[in-house]
Structures are given as structure tokens and as C-alpha cells.
Amino acid sequence: MTETGEKKGLPDVFIEPINMSELDRGFRKEIQSMPNGEELSACFACSTCTSACPVANIWEIKPHQLIRMIILGMREKVLSSKEIWLCLTCFECQERCPQGVRVTDIFFDCKNLAAEENMIPDSIVALGKELLEKGQLYIVTADWEREDLDLEPDVPGLSTDAVKRVLGGTRTGRLVKGGK
Amino acid sequence: MPKKKDEHRIGVFICSCGTNIGGVIDVRKLARDFKDYPGVTFTTSNMFTCSKDGQDKIAEMIKEKDLTGVVIGACTPKLHEQLFREILEENDLNPFRLAQANLREHDTWVHGDDPEVAYKVAYDLVAGAIERAKTLEDIGFEEYPVDKSVLVIGAGIAGIQSALDLADKGIKVCLVEKYTSIGGYMARLEKTFPTLDCSMCILSPKLSAVERHKNIEILSYSEVIEVERDYGNFNVRVKKKPRYVSIEDCINCGACERNCPVTGRAEWNLGLGDRKAIYKPFPQAVPGVFFLDKDSCTHWTDGCTICAEKCPRDAISYDVEIEEIEIKVGAIIAATGFVEMDIEELSEYGGGKFTNVLTAGQYGRLLSLVGPTEGKILLPPSFEQSPKRIAYINCAGSRDENHRPWCCNFGCMYTLRHAEMTHRLYGDDIDQWIIYHELRAGGKEYEQFYRRVRESGVRFVRGFPSEMIEEKDGSISFSVFDQGTGSLLRLNFDMVVLTMAIDPSPGTAHLAHMLGVDRSEGGFMKELHPKLEPVNTKSRGVFIAGACQSPKDIPASVADGKAAASAAASHVLKGKVRVQMDKAVVDETLCIGCGLCEKVCPFDAISMTVRDDERQLAEVSSILCTGCGKCQVVCPIGAIKRKHFTTEQIEAEVLGLISAHRKREQSAKTSGGVSS
Amino acid sequence: MGDTVIVVGAGLAGIQVSHQLADLGLRVHLVEKEATVGGLSAHLGKVFPTDDCALCLDACEELFSGHHRRCQYRSLLGTQKKLSLHTLTEVRSIKHEGDKFSVSLKTTPRYVLLDRCVVCLECINVCDVEVPDELNLGRVLRRAVYRPIPQGVPLAPIIDMNSCTKCSKCVDVCKVDAIDLEQKCKTRTIKADAVVLATGVEESSPSVLPGYAYGHCEDVLTQRELGRLLDSAGPSNGKALTASGRQVGSVTMILCAGSRDLNAVEYCSRACCTYSLKHAIMLREQGVDVTICYMDLRVPTHSQSFLERARESDVTFVRGKPDHVVVREGSPVTIVEDTESQKRLEIESDLVVLASPLVPHAAEREVFNSFLDKYGFAARHNALKGIYACGTSTGANDIPGSVAEANSVALEVYMALKGGA
Amino acid sequence: MSIYSLYMGCSVPANYPNYEASMLKVAESFELTLEYLNDVACCGSPNLRAMDYWGWALVNARTLALADITEHDIVTPCNGCFGSLKDVYHLLKHDTEYRTSINVELEAEGLEFTGTSRPRHFIEVLYTDVGLDSIRKKISKPLDGVGIAIHYGCHLLRPGDVTEITPEVLSELVRVTGAHVVEYPLWKQCCGATVLPVDEALAIRLARDKLKSMKEAGAAFVTVVCPACCNQLDLQQLGLRELYGEKFDLPILFYPQILGLALGFDEDEVGLGMNRVPAKPILQHFSK
């Protein structure tokens with residue numbers, strides 16, 4: 001009962017199916033043109049990848065479902081899924097795929113596409129920012145430990161300029177600058 | 001011990017059958033317990049009576065003890081009775097002097113949990129068999145000649161293969177085909193999986209080989225209407241329907257077809273598009289002449305004679321009558337094939353109602369270069385526009401308790417082939433979806449073909465579609481829950497292709513009845529044994545090949561055709577058939593000629609014939625009699641007997657069984673203990 | 001044209017084709033590398049779709065005239081004068097000489113002379129050596145002189161020289177001097193007019209897929225091994241027992257354990273769905289819970305009843321391919337995503353049974369290499385005239401398929417050698 | 001005597017100088033010359049790969065191109081660096097188009113990826129180039145068969161067709177020190193390092209399950225060959241104890257530390273005191 005007496009639409013009881021018009025026919029090809037995506041279509045939905053995954057159990061969309069969604073063209077749903085970012089990148093799924101689909105690599109491809117559209121967790125952008133600013137992910141903080149072991153105090157050979165220079169002009173640079 | 005004349009000398013052999021019998025009852029004890037049974041000369045038990053050791057023991061004892069009967073307590077006679085009979089025969093004891101007690105199926109498998117009961121039952125069964133053995137008689141056999149010719153019914157790929165193989169062996173073949181041309185379903189296909197070879201390129205050399213072969217006579221547009229068994233042979237009546245075009249005179253100029261004013265539905269294209277009333281179904285048809293379809297021709301209603309007038313050779317004549325011919329053959333191969341289930345049964349998919357819902361067979365005709373669209377995928381009924389989106393629905397009606405519970409065996413591959421061919425023709429211009437629920441690609445190179453189709457970009461959805469709706473623009477919409485993505489999809493297609501369930505050809509039931517062949521689920525013809533005799537039937541001399549037995553793809557049909565030819569050849573080349581005389585016999589001194597037996601015989605094996613003394617008595621055809629025993633039951637005075645299962649023999653067995661049981665009960669009462 | 005045919009492999013297809021050729025009057029040499037005939041079917045216990053005992057299933061000379069079942073003991077030896085069986089024999093080479101083939105055969109010794117042995121089996125009784133019987137999963141012992149399959153043809157025992165101590169007790173006890181412990185390998189060359197490959201298939205070793213713990217856990221078996229367990233002549237008289245001898249309460253089957261898998265065998269082995277279902281039903285009859293994990297159930301129409309019976313007898317079907325099997329407290333646990341309920345299952349069971357792919361026998365690869373495709377299967381129609389193939393040597397197949405093919409090849413060979421009429 | 005270009009990455013030198021020092025010591029005793037590769041950049045693995053594949057490939061291609069100049073194989077002790085280098089190497093080897101576009105970018109610095117220098121993991125160099133026999137000969141203080149569980153680390157083993165390293169490599173190396181390799185159910189499982197920035201709870205849970213599995217299988221020590229894995233297993237153990245009261249007391253050692261001790265180095269030389277969970281108990285297991 002609504003107290004305001006406002007007229008409401010019919011209650012939303014049906015689960016709306018995914019309409020064909022929401023499917024992006026080009027998505028499959030888009031992924032296939034990315035590194036290690038060629039084998040995508042070979043998937044026959046056996047779900048070995050999902051049973052191989054140590055964490056898929058807590059995922060709403062399972063790895064094999066993500067792959068099938070890519071094939072059917074559910075671009076939006078795949079790229080906005082939190083699951084692709086929860087991938088451990090442990091490659092267990094990819095290793096066991098009976099049809100040679102490079103599942104983990106394909107999730108990397110998806111993450112790149114998602115990042116391009118700014119659908120990326122802040123924490124990852126923050127890491128990118130750190131990398132771009134400091135030129136490395138980890139900084140020596142306890143140089144006395146290194147000295148104790150007769151090691152040079154700084155990270156040997158590492159050039160922070162190189163990272164800054166290279167990544168400044170790529171998507172990392174854009175994401176970091178653009179922020180969110 | 002003094003030996004009486006005519007005394008029974010029966011050997012009893014109890015089999016342990018590994019643990020099947022021996023694991024439940026003590027077979028040694030059972031053998032021992034019959035040592036002193038009246039009429040028994042020898043008893044033993046062994047591990048496998050059917051093994052060489054067991055066989056040798058039987059042979060040895062028949063000789064040594066001069067046995068008059070052999071009782072074997074083992075498995076069902078279905079398994080090894082023939083083997084045991086041969087041992088008897090090899091050792092000069094008539095093979096019918098064998099009585100087998102089924103201790104496995106009838107006892108230890110049933111009473112495995114109660115060895116005590118099992119033992120009692122075993123004892124009674126063996127006692128019954130011994131009593132039966134005492135009443136058994138010698139039974140001989142008779143031989144009948146077999147003609148060196150074969151009738152092949154149905155000229156699809158299986159029948160054609162059979163005909164060619166037989167003809168090459170010098171056997172005369174009569175090839176009967178219901179349609180106007182031979183070739184069957186394969187002639188309708190553009191390409192075959194998994195190699196995508198051109199179907200007609202493989203088939204048409206065979207068609208012309210059949211046409212030219214001196215040992216093959218083709219009876220096209222003909223039907224078998226009567227089959228009568230004449231001892232070793234078959235007398236077959238074939239109805240030759242008139243094609244109104246003389247095969248000899250027609251020169252294939254096509255003038256008749258060009259000028260014919262009438263159109264009809266193109267059967268060859270499974271109803272897609274039209275044809276004239278006089279036509280040739282496809283260019284490579286054999287016989288390669290025109291054909292006039294009486295049902296659509298208006299000659300008989302308005303007297304049109306245009307085609308006859310236009311024919312330069314006077315090859316067309318309207319007053320041809322149905323002709324019936326009679327042929328005699330030594331064997332018959334039925335290869336009558338299959339049809340797609342009637343699409344109208346699938347109302348949930350708009351079958352027969354929605355213009356853009358086709359069967360896979362029809363779709364195959366669209367892909368054919370000589371089909372209604374010359375190989376282009378166009379939307380019916382105008383055939384002008386190509387669809388943008390096609391869905392193939394696998395298992396339409398198959399594996400469905402409401403329609404056809406069986407698997408069609410080739411639909412998955414058939415659909416994959418269509419998708420692959422369409423992809424080759426149209427690439428990404430046609431978006432193809434396959435709705436399936438299990439993909440069965442279990443043949444050589446099939447799995448690899450399946451992978452190629454996946455890689456070509458066809459989308460696979462695992463699930464069954466909902467009811468279909470025809471939109472205003474003629475497109476078809478339905479929902480399907482895709483197990484692959486775990487999501488419910490609402491899809492819309494310009495064309496939906498149903499991979500239909502498969503039925504045996506119309507008329508299969510009638511033909512099977514005429515041939516005396518059983519049918520299995522769905523009305524397909526039934527083989528004698530699915531493993532060892534896939535092409536033999538219970539009717540001796542009748543063989544089956546191809547999809548009339550169960551839905552089959554081309555390689556399987558060809559293999560079948562060859563196997564049936566091989567079996568039929570072995571049958572007719574021997575030149576004779578041997579019939580064991582364990583059939584019904586009439587005691588003419590008792591028979592009163594009442595005719596009851598004739599009425600009940602399901603195999604038409606009994607007829608009433610007049611004897612020299614003008615009495616009308618029953619006579620049994622031993623080749624038709626299957627020994628079912630119905631006549632014996634109905635005969636009011638016991639004049640007809642099914643040899644080897646006479647009333648006396650059956651009674652003896654039953655009485656032996658009961659008395660063994662009674663005796664044991666008796667002794668149990670008096671001794672108060674449990675006896676064997 | 002001559003009339004000598006060599007058939008390589010005495011499985012069901014090889015036996016079938018040999019019989020038919022001999023029946024048609026050709027001279028047939030049937031070559032089998034094992035000690036007994038029957039091939040894979042002899043290990044499968046009951047066979048589908050009719051549940052026959054595989055050993056009774058041999059087709060015989062009278063195939064076409066009435067009865068259709070006769071056991072292997074009788075049909076093969078002695079009855080067909082034109083058929084010679086060479087067991088323990090391998091083809092070493094095939095040379096093409098004009099119209100003929102020169103086929104070199106090597107026979108390894110059986111140490112028991114077939115023409116003398118009367119199968120009294122006294123030798124087995126006196127043998128002191130006991131070793132695990134590899135055919136029965138090593139769960140029971142056999143003697144150094146033994147019969148691999150009790151009803152196998154030929155019936156005579158064979159001596160395993162790897163375990164024999166040459167104590168000669170068997171030689172002494174044999175009343176017909178049928179044992180020769182010094183028997184040597186024999187080679188001979190046969191000129192043949194046609195060669196039929198019926199070399200068949202074997203189960204591949206699941207060790208290529210270490211994730212399934214085969215070889216690591218004794219309660220992870222293949223379907224063939226389960227077939228041995230369920231065989232009444234097997235190590236536990238047909239009862240399903242674990243390696244530790246406990247009655248099995250639950251079994252999980254993994255189908256396509258290596259088939260349709262680019263990491264192992266890319267093709268579909270065709271027969272395994274059906275024989276897995278057959279085993280599942282047999283297990284259900286013993287009251288064992290059965291779960292089958294599958295991708296697609298590829299059951300041909302003539303075996304469809306197995307699927308129905310399995311469903312009706314409450315076999316649990318899980319649609320998903322397990323990635324791995326872990327061993328927990330000694331028992332195998334199968335990890336699989338059930339794509340239908342969208343749940344990850346960890347199925348604990350007493351046994352895990354793998355449907356390992358069927359692959360061509362490795363032994364023949366070298367000799368026949370030029371007739372084989374990349375998987376090692378023979379092409380049905382070889383470029384080289386006079387070489388034929390049938391049965392599973394041309395691709396994984398079930399028994400009805402093999403037999404039908406053998407039938408048709410027999411006629412082809414006959415027609416090639418004997419011409420038309 | 002073999003020369004290698006050494007690529008340390010950032011994590012090992014910053015967080016685990018004990019790994020770096022022990023590795024150098026071990027290399028020295030087998031006469032492996034490791035020359036620091038200069039002017040190289042952080043590999044960015046794997047989060048850079050996730051957000052910016054092109055940038056990631058470029059950074060690592062640059063490192064490989066620098067190594068190409070030296071004409072020596074490029075060696076790293078870190079699974080993350082190894083995975084990145086190996087993956088990019090594999091990609092550029094197989095995808096000529098990609099290689100061309102990368103090389104166009106590298107040209108600005110006068111660099112070119114040629115593929116001469118192969119990326120190698122330090123333990124794989126030990127296994128292949130030094131060999132188990134040579135190692136065995138040099139071991140002066142073998143372990144007494146104490147149970148060591150191995151955490152291989154995902155990017156060392158997978159994808160197998162890229163890394164070309166099998167589990168035996170590390171198992172055999174551990175066995176050669178005299179230790180007993182403890183098999184445990186979760187041996188393949190990931191330590192969780194990758195998801196740490198996205199889902200900390202999940203990362204901790206993964207590390208904890210891993211530790212539990214090892215402990216229950218009877219491991220007394222654990223060996224790792226990756227700083228990120230060590231972070232998860234060693235450092236997180238302290239957190240697990242503090243926050244959840246779960247005590248595993250499983251010392252986590254880098255493989256070169258164990259081998260170094262077996263070769264006779266003293267505990268300070270391999271930086272044993274720097275391991276977060278006290279690792280000194282292992283000293284009792286080396287023969288005196």
C-alpha cells in the first residue's frame with residue numbers, strides 16, 4: 001500500500017529476458033582480434049574452466065558463462081562484471097580447457113576493454129597512478145637491510161624514467177590523468 | 001547292475017556358470033543328489049558347461065555311457081542351446097534329445113538372496129527336465145531350393161548399395177522404388193558431412209551404374225502389394241503405377257513440361273515451390289525420363305492433352321492402366337528409409353502455419369543448386385529476400401516423450417552442415433544460431449567438423465525454445481534459457497529451421513507385416529540382433545538395411561546396404577535352405593478337419609487340403625510354421641502337435657517338477673528337518 | 001588372383017570378417033598379438049545394447065542361417081578348416097610384391113604347445129609362483145602359468161616368463177608333454193592377396209591428465225577396469241569393491257576424460273557414453289549410487305534404452321566437465337561445476353571412474369604407418385589396393401557399427417579376389 | 001662459466017633483499033655470472049596488463065630488447081616478472097604483426113626486440129644449466145628429510161605452453177637439498193596476490209586456505225620463489241595471527257635460502273633473520 005496514493009506502474013515481477021537487440025554481434029570478433037583471443041569460438045561450454053577456478057564458486061557469473069556471453073555478444077554485461085577483476089590470473093582455467101580457449105588471457109582482454117571505457121576499479125587505477133608517478137610498484141624503504149646483506153642500497157638497474165616515459169603515452173597515462 | 005532294454009540313460013550336467021549359479025547353490029551337491037534318480041546314468045557339475053572342458057565332458061559321456069538323453073542345468077536355452085545340440089549331433093545323438101533347465105535366469109538370479117529356496121527350485125527344475133528328456137524324440141530336417149535372385153525394396157543409398165553389391169556377384173536383383181526416380185533422400189542433399197563432398201557427385205555414378213547393370217531390373221513408381229512364401233522362395237506381387245510417359249520412347253526434350261499449363265506442389269522439394277503436372281524431379285533422375293502426375297494433371301477432368309500433342313515422339317499416353325507383375329526371388333532386402341516427422345505436429349513451433357518455419361529437409365533443398373532457389377537462401381513464399389538471422393532448432397520433436405522419444409542420430413551433424421554451408425555462402429551476412437540441448441557428433445571426423453562450425457562464428461545456445469510467435473513482419477520470436485550463459489534470451493529470427501524428428505517411411509508397417517518382420521519403437525523395422533545380426537530379421541530370407549531400421553546417416557546406411565547384400569548373397573548362393581522339423585505336425589488319423597488350427601495360425605502356415613480319401617484335413621507348411629504352438633492348444637482332439645513341445649512332453653516336465661517338490665515336502669514332514 | 005587373406009587383430013570385427021571370408025571359401029590367417037582372442041570386448045563384461053556376455057558374442061559361420069549366438073570356444077578353432085589363428089603374433093612388416101603382399105609375422109612363445117595341451121590345467125595347480133594379476137587390476141594373484149581370461153580362446157594356459165622360475169614342476173606334471181620352457185620366438189612370412197586391418201582400439205592411459213588423480217589414488221579407475229570389477233569372472237566376482245576391499249557405496253563417472261580434448265585426444269570416442277551408462281546401470285543394480293559428469297551424452301538410437309534405464313534407476317547426471325579429482329581421507333572427491341544448477345559440486349565417492357578415450361593400439365603404428373591417419377586410425381579406403389580396414393581400426397566405434405562394417409568389408413575383399421559371379 | 005643478464009624487478013630488491021642476496025650467493029657458488037641489466041623498467045604485472053595491455057607489452061618488450069643487446073639470457077627471481085617477460089616474449093615471437101608495431105615504438109630509443117635473449121626464471125637456470133648432479137656434489141650440509149611444502153606460484157607454471165616449466169623442476173631442486181617434498185591438496189592453488197587490491201578479504205582467505213592445506217599435510221617449512229607469493233604466505237600469516245588468532249607458524253623460505261644453507265652459507269649470508277615468520281628452526285635440520 002502506498003500512502004501517497006500515487007499511481008504506480010505494474011509490479012515488476014517478471015525477469016526481463018535479454019533481448020536480441022542488446023547483443024553486440026561484433027563483440028566476439030573484437031575479442032578474437034585481441035592478443036590470445038583467437039580460440040574463443042572453440043568453446044563448447046563444458047565448464048571445465050569453472051570447475052578449475054579456485055574462486056568461481058563465489059562469482060555470480062561463472063567463467064564459462066563469461067566466455068559464452070562474449071560469444072553471444074553480451075558486451076555490456078561482461079565488461080561491467082566485477083568478476084573479470086576478481087580473476088586471480090592463476091591460469092588454471094586456461095590450462096585445462098579441452099578446446100584450447102585461452103580463458104585467462106581473454107579475461108585480460110576484457111579488462112582492457114573495460115578500462116578503455118572507464119569501467120575499472122579505483123584501486124587498480126590507483127596502482128597505475130603509483131606506477132606512473134614512482135616508476136615502480138615497490139620502493140626500497142629499508143635500505144639498511146640491503147646494506148646488511150652487502151647489496152646496493154637502491155634497486156639495481158631499475159630506471160623509473162623508462163616506465164614514466166612509456167606509460168605516459170598509453171592508456172595508463174590517460175586513465176591516471178582523467179581519473180574518475 | 002543289470003541293464004534293461006529301452007531303459008533311459010540320461011546324463012545330467014550342472015553348470016556353475018562362474019558364480020552366477022555356483023555362487024548361490026552348491027552345484028556339486030545338486031549333481032550328487034541326482035545320482036540315483038530313476039533313469040539317470042551319470043551326473044556331474046562343472047564351472048562352465050559351455051566351455052571347451054564342459055563340452056568335451058558331454059561328448060565323452062554320450063559315447064561312454066551311450067546316453068539316450070542329456071539334461072543340462074545352466075543358463076537360458078536362448079544362449080547355448082544350439083551349442084549343446086551340436087555336441088549331441090556330433091556325437092551321434094539326435095540334437096533334440098536335449099533338455100535344458102534354466103537354473104540361472106529362472107532361479108539363482110531370482111533367488112540369489114535365499115540360497116535354500118534356490119536350491120529347492122533348482123532341484124525341481126532339473127527333475128522336470130529329466131522327466132521331459134525321457135519323452136523326447138528324434139527330429140530331422142528338410143531342405144528346399146532357393147532362387148539366386150533378390151528383391152530390394154526402396155532405392156535410396158542403402159538399397160542401391162545392396163543392389164549393386166548383389167548384382168556384381170552375379171545375382172539377379174529387382175529394385176522396387178515407390179517414387180518416380182531412384183536415389184532416395186541422399187539425392188536431395190547438396191553436400192554431405194563431414195567432408196562437404198557434393199552429394200550427387202558421389203551418388204549419381206551409382207544411379208547410372210544401377211541403371212546400366214545387366215543384373216538389375218528397376219521398377220520405379222512401383223509398390224510391393226503382396227508377398228507369399230513358397231518354401232525357400234518368395235512370390236512377390238508388385239504394382240506398377242502408370243507414369244503415362246514411355247521410358248523407352250521419351251527423349252528428355254522437355255517440351256511436355258514447358259507447355260504444361262498446370263502446376264502442383266513440388267514433392268521433391270518437400271513442398272517448397274511448384275512444379276508442372278508433367279515433370280522430371282531432378283536432372284540426374286533415374287529413369288531419366290519425364291513423369292506425369294495424375295493427381296495434378298487436368299486431363300481426366302477437362303480433357304487437356306497439350307503434353308501429348310507437344311511430344312515429338314508420341315511418348316505420352318493417357319490410357320495406361322495399373323499393371324501388376326509377379327516375381328519370384330530367393331531373398332528380400334527392405335531398405336525403405338525414412339521421412340521427416342510431419343511439421344504440423346509441432347504446433348508449438350508454428351509448424352505448417354508460420355511461413356518462415358521450415359524443416360531441415362526443406363532448408364537442404366534451398367541449399368541445393370537444382371532446388372527451388374538454385375542454392376540461394378531466400379525467404380518463402382516469394383523467395384526474393386535473404387534472411388538476416390536464422391535459428392536452427394535441434395531435436396524438434398526428437399527425444400521428446402510428447403512426440404518422438406528417439407534420437408534421430410544425424411540431426412546434429414545435419415544442422416552443423418547446413419550452418420557451415422550457409423556460412424561459406426553468406427559469411428557474416430547471415431547471423432546463424434543453433435539452439436541445441438546436446439550435441440551428438442560421434443563419428444569419424446565429426447567432432448572436428450563441429451569445432452570448425454563453432455569457429456566460423458555460428459552461435460550455440462544450449463536450451464529448448466519456448467513457444468514461437470510470428471511477428472507482423474513474418475519473423476519468428478521465441479525465448480530460450482541458455483545454459484551456457486545462465487541467462488534467459490529473447491530472440492527473433494527471419495527464418496527458423498527445425499531439425500525434425502525422423503519417422504520410418506509411410507507404409508513401413510504394412511510392408512513389415514507382409515514380410516513377417518517385427519517392428520520396434522516408432523515403427524522402424526526390427527533386426528534379429530542389434531549387434532551380430534543388424535541386417536537380419538526374424539523372417540528367414542528377409543533382410544533390412546538403412547534408415548528403415550533406425551535413423552542412420554549415409555556412412556551407416558552404406559555399410560548397412562553392403563552388410564545386407566552380403567547376408568542376402570550368402571543366403572541365396574547356398575541354393576537351398578535347411579529347415580529343422582521341430583514344427584507342428586498333423587496326425588491325419590485323428591484330424592477331423594474342423595479348421596480351428598487354420599484360423600488361429602498367425603503365420604498362415606496351416607491350410608485345409610483335401611486328401612486322396614476326400615477327407616479335408618489340416619496341412620502344415622513347415623517353412624512358414626514358426627513352432628509357436630497355438631494350433632496345438634486349440635485342437636479339440638489333440639491331432640496337431642508342435643513337435644518337441646508336445647502336450648505329453650510338457651506334461652512330463654510339469655509332473656516331474658511337481659512330484660520332486662511333493663516328495664521333498666513329504667520327506668521334510670517325516671524327517672522334520674530341511675531336506676534338499 | 002589368389003585367395004589368401006591376412007586379418008590383423010582378432011577382436012569382434014576381426015573374428016567376424018575372418019569367419020565370413022573363410023565361409024566364402026578364402027584362406028584366412030587371423031593374427032592376434034594377445035594370447036587370446038576377443039579384443040577389448042573380452043574385457044568389458046556384459047556388452048551393450050543387449051547385455052550379452054561379450055564372450056558369447058562371436059558371430060559364426062552360420063551367422064545367416066538361423067541362430068546368432070555362439071561362444072568363442074567353439075566357433076573359431078577346429079570348425080573352420082580354412083581359418084588359421086595365430087595368437088601372440090605380431091606383424092613385423094608388410095611388403096608389396098606385385099599383386100601380393102609379403103607379410104612377416106613374429107610369434108612370441110606361449111611355452112605351452114597348443115597342439116598338445118588338453119587343458120587339464122594341472123600345470124596351474126602345481127605352479128608355486130604367485131604374482132598380482134594385472135588384468136584384474138592386480139587385486140588378485142595368478143600363477144606364472146595361467147589363463148588370462150578363463151574362457152578365452154585358445155583355452156590353453158600361457159607361461160609368463162617374467163615371473164616363471166623354471167622350476168619345471170609344470171613340465172613334470174604335464175602328461176602330454178605340452179610344456180616347453182625353452183620355446184623360442186618364431187618368425188614366418190606369409191604371402192597374401194589381401195590384408196584386412198582389424199587392429200581395434202584400446203583405452204588410453206589417463207595419466208596424460210594428471211588432474212584426475214589416476215595412478216595417484218587406487219580408487220580412480222578407468223571404465224575398462226571397472227568392467228573387470230563388474231565381471232563375474234573378475235577379481236571380486238562382480239562385486240564393486242574399493243582397492244581396500246570395502247563395498248562401494250557411491251561411484252562418480254567422468255565422461256570424456258581425455259576425449260574431445262586438445263590436450264589428449266581431440267576426437268569423440270563414440271562408444272564410451274554407452275558403456276559408461278551400462279556400467280552405471282549394473283552398479284545401480286548393486287545398490288551403488290552413481291553420478292555421471294558429462295558434456296554431451298552421445299548415445300546412438302539403438303542404445304537409447306540405456307540412457308532411459310539409467311535415468312529411471314536414479315543415476316544422477318551432472319552436466320559439466322570436472323577439472324580435477326582430489327583425494328580426501330583416501331577417497332576421491334570430484335570437483336565439478338553443474339551448469340544446470342550453476343553450483344560447484346564436490347562429489348565424494350568411493351570410486352571415480354574415467355571414460356578414457358579409445359585410441360588405436362600403439363604397437364601397430366610403425367608397421368602400418370603408411371595406411372594410418374594422424375590419429376593412427378586406418379583409412380577406410382586405402383590408396384593401396386589390397387589393404388582393407390574395418391571395425392574400430394578405422395575410428396572409434398561401438399560393436400554394432402564394427403560388426404556391420406566387418407560384414408561389408410568381407411564382401412568387398414571377396415569381390416576383389418574372386419571377381420563378379 | 002655462463003653469463004646472464006639479471007632482471008630483479010622492483011619487489012625483490014625493495015621487500016626481499018634476503019632473496020636477492022641468497023640468489024647471488026648461490027649463483028656465485030655455481031659460477032653463474034649475473035650481470036644487472038641497467039635502465040630497465042618495472043614489469044607492472046599483472047595489474048598493468050589488466051588495464052593497459054599495450055603499455056604492459058611495451059614496457060616488457062623494452063626490457064627484453066635491452067637484454068637482446070647483451071646477447072645473454074635474461075634471468076629473474078620473481079614469478080611476476082618472469083610471467084610478464086615470458087608472456088610478452090611468447091606473444092612477440094608468435095604474433096609478427098604485434099611485434100612490428102612494438103618495434104616501431106621501441107625504435108625511438110634505438111631498441112629492437114629480436115628474441116635473442118630468452119627470459120629465464122632463476123630456478124630453471126639452476127635446474128637446466130647447472131643441473132641436479134652438480135648441485136648434489138656441492139651440497140655440504142644436506143637437510144635431514146624434513147617436510148617442505150612447495151608453493152610454486154601460478155606464473156611459474158602456467159600457462160604451460162608459455163612458461164615451459166613443469167612442477168618437477170622445483171620439486172627436484174628441493175629434494176636435492178635432502179628435504180622431503182610434502183604433497184598437499186591445494187598445491188596448485190593461487191596465493192591470492194593478484195586480487196589483493198580488489199578484494200582483500202578474498203586474498204587473505206586464499207592465503208589462509210593454502211597455509212592450512214600445507215600445515216595439515218604435515219609441512220614443517222614452505223618454500224617459494226616469488227616475492228608476491230611470499231608476501232601472501234609470510235606476511236599475511238602475521239596478520240592472520242593478529243586479526244583472527246589463527247596460528248600456523250609455518251616459516252616461508254625462498255628456495256635459494258634453503259639451497260644456500262645446504263651449500264654451507266651461514267644464516268646471515270642468506271638473510272634468514274629477515275623472514276617474517278621466524279625461519280631459524282630450519283637450521284636444526286641441516287647436518288652439522
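Trainee: How many aromatic pairs does the rule count over all chains?

Mentor: The count comes to 31 aromatic pairs over all chains. Rings of Phe, Tyr and Trp (its six-membered ring) pair if their centres lie within 6.5 Å, and planes under 30 degrees apart are stacked, over 60 edge-to-face and the rest tilted. Before we go on: this is a predicted model, where local features need pLDDT of at least 70, side-chain atom pairs count only at pLDDT 80 or more, and totals for chains, interfaces and linings use all residues. Residues are numbered from 1 along each chain as its sequence is written, chains are lettered from A and ligands numbered from 1 in the order in which they are written, and side-chain values use heavy atoms, with hydrogens and water left out.

Trainee: Why is the pair of Tyr363(B) and Tyr392(B) called edge-to-face?

Mentor: The ring centres of Tyr363(B) and Tyr392(B) are 5.6 Å apart and the planes stand at 90°, so this pair is edge-to-face.

Trainee: What makes it a tie between parts apart in sequence?

Mentor: Tyr363(B) sits in helix α11 (residues 360-367) of chain B and Tyr392(B) in strand β21 (residues 389-396) of chain B, so the pair joins parts 29 residues apart in sequence. Helices (H or I, at least four residues) and strands (E, at least two) are DSSP runs, numbered from the N terminus.

Trainee: Good. On to chain A: what makes Glu116(A) and Arg171(A) a salt bridge?

Mentor: A salt bridge needs a side-chain nitrogen of Lys or Arg within 4 Å of a carboxyl oxygen of Asp or Glu. For Glu116(A) and Arg171(A) the N to O distance is 2.6 Å, so the pair qualifies. The rule finds two salt bridges across the interface of domain 1 and domain 2 of chain A. Those domains span 20-116 and 122-177, with bounds from an automatic or database domain assignment.

Trainee: How many residues does each domain bring to that contact, and what area is buried?

Mentor: Domain 1 of chain A and domain 2 of chain A give four residues each to the contact, where contact means heavy atoms within 4.5 Å. The area buried between domain 1 and domain 2 of chain A is about 330 Å², with carbon and sulfur atoms giving 44%. Buried area is the accessible area (1.4 Å probe) that two parts lose on being put together, summed over both.

Trainee: And what area is buried between chain A and chain D?

Mentor: Chain A and chain D bury about 4,600 Å², of which 67% comes from carbon and sulfur atoms. In chain A, Leu88(A), Tyr138(A) and Leu149(A) lose the most area to chain D, together 12% of what that side buries. The contact takes 54 residues from chain A and 61 from chain D.
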